[in-house]
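My entries are below, in the order I made them.

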Amino acid sequence: MAQKDSQDTSKRLTREEVAKNNTEDSLWCIVDHKVYDLTDFVDAHPGGNVVLQQVAGQDATQAFYNLHRHEVLQKYSDLCIGTLEGEKSEVIEPHPGDLSQVPYGEPLWLTPAFKSPYYKESHRNLRKAVREFVDKDVYPEAQQKEADGTYISQELTDKMAANNLLAMRLGPGKHLYGKKLIGDVKGEEFDYFHDLIVAQELARANARGFQDGNMAGMMISLTAVRQWLNNDALKEKVTQECLSGKKFMCLAITEAFAGSDVAGLRTTAEKTADGKHYIINGTKKWITNGMFADYFVTGCRTPKGFSVILVPKSDNIETKRIKTSYSTAAATTYIQFDNVKVPTDHLLGKEDNGFIVIMSNFNHERWAMACSVIRWMRTVTEECMKWANQRIVFGKPLNQQPVIRAKLAKMISLTEACQAQLEIITYQMCNMSYEQQSKLLGGPIGLLKSYATRCAHDVADDATNIFGGRGLTQGGMGKVVEQFHRTYKFDAILGGTEEILADLGVRQAMKLMPKAML
Ligand code: HEM
């Protein structure tokens, strides 16, 4: 019997040689024209020894791809002992930074021969650089943290900071000026299409809890601090601390008492007799990144309304972890403020006028959530395209069933429609001042997010049915679909529910109605 020639994939073997290695003492099989020696692996195989013994000495390509993701072969590449004489591997080996070759696996602007008026050379360069970074540095940690529920490492945070990825998450602005970003992009030229690219590429780490754990809290709160904090020195200090990855920030608005109903919040901020401090009391719930935050951008009731205050961490702030349907890597938190003393110059905007602070800040948050959920819809559609192509049932590929093709048609159409709407709104953001965006885009962005998550609902539903039991299983073929089906609701609820946002879109439109009668 032949001996295992460790990792020598260049070795040429014949099908006749493979056929002879069909016993427990030497068990070989063929997958995609390559030969695997499974002799020592049989007992460790998660699918058991019997199935391997049944294909000993044979070509098991079809059986393998019916049951395993290609990444299994990459993980166990040391079992490969050679390639078949005169044959070569057909399955495309993905490398860090590669574009998908699956139709609709990429937005149309990244599809060869398709054109777009929105993306310039610098967008393409940034896309390439961020994808490489995500594939090499973010994806492995994201997968690990999603599974074990621990928080982002300081090492990855430092790398994100060094590459200005933390700064880019705030969107375009002065905080990027003078900086040379990855992909050779100048900070001054960074616009909302660059921003869209960063959001969609980061979502490709396919770890929904970790995705929020990776500074979503800072992304939605430091923007408000930069726009509204009156104390400039403090503003620059906290910006510097957070964008360098040394300190962490979160947005603390929602409470057990009120979510989207900001007017119903019960956390209070009362001024001390000398007028120099606020004393804050109350609770906050479902606060992303609260567990590791050093700053809490907090919504409070003040005598005549609602105010937003930057609250540094102190002993009077207590945090407790909340378990939700995605990973605790997101650091979702219940917070109690018990007589927390904060200087009054930590106020954002004007006292009692916090509503405008929160509402204008919501636009970027909601738009960024739309970017990532639409990318998830695409990834899930791509998974279904691959599965329908490789899965053999009733003696033929799944894609030969019209009912499956009808589902794919719907998933593709919904994804493309959402991406197109996203790009049109992004173009408006690039061409409007912050004030115009606050005034005119709240409605359209609300409708975009609410429509995108309604579509995500349909995509998750159809994808799960296409994958069957695997769409309900964590790990293995359907793992991305299972995760999306379990977590897409975060995008439908966080940052404003589907219903509230759809209604906002219509209410804003009604305000702009002329006196036109039928
Ligand atoms: C290079 C060869 C192989 C390796 C490295 C391998 C590895 C694995 C791994 C890691 C799993 C766990 C599930 C996953 O991560 O997808 C698994 C499951 C399984 N494998 Fe394999 N396998 C190989 C070949 C085969 C072949 C040829 C067959 C069938 C003829 C087979 C049948 C199964 C079955 C039935 C399961 C359980 C799948 C499920 O729960 O859906 N494996 N294998």
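The entries that follow go from the domains to single residues.

**Ground rules.** I worked on a predicted model, where local features need pLDDT of at least 70, side-chain atom pairs count only at pLDDT 80 or more, and totals for chains, interfaces and linings use all residues. I number residues from 1 along each chain as its sequence is written.

**Domains.** I took the bounds from the domain assignment, which is an automatic or database one. It gives domain 1 (12-84), domain 2 (110-214), domain 3 (241-352) and domain 4 (363-511). I noted 38 Å between the centres of domain 1 and domain 2, taken over C-alpha atoms.

I used DSSP runs for helices (H or I, at least four residues) and strands (E, at least two), numbered from the N terminus. Two strands count as paired if DSSP finds at least two bridges between them. I found an open sheet of four strands with mixed pairing, in the order 1-4-3-2. Strand 1 (12-13) and strand 2 (28-31) are the edges; each has a single partner strand, so one side of each lacks a neighbour in the sheet. Strand 1 runs parallel to strand 4 (residues 80-84), and two bridges join them. I located arginine 12 opposite threonine 83 of strand 4.

**Histidine 33.** I looked in the loop between strand 2 and strand 3 (34-37) and found histidine 33 there. Its phi is positive, about 65°, although histidine 33 is not a glycine. I class a residue as buried if 20 or more other C-beta atoms, placed from the backbone, lie within 10 Å of its own C-beta, as exposed if 12 or fewer do, and as partly exposed in between. Histidine 33 has 16 such neighbours and therefore counts as partly exposed.

**Cores.** I took a nonpolar core as a set of buried Ala, Val, Leu, Ile, Met, Phe, Trp, Tyr and Cys residues joined through C-beta atoms within 7 Å. The largest has 117 residues, and Val297, Ile309, Leu348, Met377 and Ala463 touch the most other members. Helix 12 (residues 354-390) provides the largest share of this core, 16 residues. Another core, of 17 residues, lies apart from it and includes Trp28, Ala56, Leu73 and Ile81.

**Strand 13.** I found strand 9 (residues 277-287) antiparallel to strand 13 (residues 333-343), with eight bridges. Glycine 282 has phenylalanine 337 of strand 13 as its bridge partner. Strand 12 (residues 317-321) also pairs with strand 13 in the antiparallel sense, over five bridges. There, glutamate 318 is bridged to glutamine 336.

**Phenylalanine 394.** I placed phenylalanine 394 in the loop between strand 15 (392-393) and strand 16 (396-397). Its phi is positive, near 50°, in a residue other than glycine. Phenylalanine 394 is exposed, with 8 other C-beta atoms within 10 Å.
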